[in-house]
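Subject: Structure handover

Hello,

Here is the structure for you to look through. My notes on it follow below.

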Amino acid sequence: MEISGYQTRAELLLRNYMVSDSFIIYSSVIDGIFACKLVYDLSQIFTSIYFKCYAKLSKSQQVEWNNRSISTVHAILVTTMSLYLAFWSDLFSDNQLSGLVIMQSSTVSTFVLGVSVGYFLTDLTMILWFYPSFGGLEYLVHHLLSMIAVTYAMLTGEGQLYVFMVLVSEATTPGINLRWYLDVAGMKKSKAYLVNGFMMVFAWLVARILLFIYLFFHVYIHYDQVKHLPSFAIFLLCVVSLVLTMMNLVWFWKIVKGLKKTLAKRQ
């Protein structure tokens, strides 16, 4: 009878844990989608009041303006949380005694990933709806790969450390959006536009080139743990990381080329 009682309590705890975990996942994704809608509406209101150039934009440009507000807010929040969880907190520390580092997760980390899934779903929907105005095939590939990897880590709790490392690359998004804002506002010849170009090159080099090199190094020195991941997780880790790295290198070359062009025009 005593053993049966312990078994019943264990099953009840497991059932409660699964229900609680599912609630976190679904609520975070929904919160992410509603947050995107809220930011879009607030951007539409405040931009029309404080930026005179907004009224002169086409309808498509106004939608893109507000869409970029969403990606900017998401980038700031997810970069901050990713840096904290991946590098400053003890969640993914090698000193953890509760299991493999690459298998670690928490309620907070899962919730952050869920919010990002909500963002990627929203942004991907808008890209498809206005295709190709908001970006071509490369943006679709980038968002699809990112969403699949983030969703897998959210649902399984596996490889969350590497997902957060990749999400730190969102730190480049505010600079990219600011460049677009300056462009449509007719400020391509301003000093702010030039400074933005240099900042983009630096941010891209750190967040999308050097950080990815560190990611591959971390995978190498933790291969004894990585090999315990399921085959699909290893596939995602290898394919998504490599494809995004190649895309980052191509985009970095374009950014540097664009900065050189801007400097040449000022001479």
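R208 lies over the face of W204, 4.5 Å from the ring centre. A charge counts as over a ring if NZ of Lys or CZ of Arg is within 6 Å of the ring centre and within 35 degrees of the ring normal. R179 is likewise placed over the face of Y193, at 3.9 Å from the ring centre.

Before the rest, two notes. This is a predicted model, in which local features need pLDDT of at least 70 and side-chain atom pairs count only at pLDDT 80 or more, while totals for chains, interfaces and linings use all residues. Residues are numbered from 1 along each chain as its sequence is written, and side-chain values use heavy atoms, with hydrogens and water left out.

Aromatic rings

The search of the whole structure finds 14 aromatic pairs. Rings of Phe, Tyr and Trp (its six-membered ring) pair if their centres lie within 6.5 Å; planes under 30 degrees apart are stacked, over 60 edge-to-face, and the rest tilted. One of the pairs is Y54 with W65, which is edge-to-face, at 5.8 Å centre to centre and 80° between the planes. Y54 lies in the loop between α1 (2–50) and α2 (59–88) and W65 in helix α2, so the pair ties together parts 11 residues apart in sequence. Helices here are DSSP runs (H or I, at least four residues), numbered from the N terminus.

W65 also pairs with Y181: the ring centres are 4.5 Å apart and the planes are at 50°, so this pair is tilted. It links W65 in helix α2 to Y181 in helix α6 (residues 173–184), 116 residues apart. Both W65 and Y181 are buried (under 20% relative accessible area, with a 1.4 Å probe and protein chains only), and Y54 is buried too. F51, Y54, W65, W180 and Y181 form one aromatic cluster.

Helix packing

The axes of helix α3 (residues 107–129) and helix α4 (residues 137–156) come within 9 Å and cross at roughly 155°. Axes are lines fitted to C-alpha atoms over the stretch in contact, and angles run from 0 to 180 degrees between N-to-C directions. That makes α3 roughly antiparallel to α4 (over 145 degrees).

T79 is found in helix α2 and is buried, with a relative accessible area of 10%. Leaving aside neighbours within four places in sequence, T79 is in contact (heavy atoms within 4.5 Å) with H74, L167, V168, E170 and A171.

Regards

How values were computed. Helix = DSSP H or I, 4+ residues; strand = E, 2+ residues; numbered from the N terminus. Buried < 20%, exposed > 50% of the residue type's maximum accessible area, 1.4 Å probe, protein only. Parallel < 35°, antiparallel > 145°, perpendicular 65-115°, else oblique.
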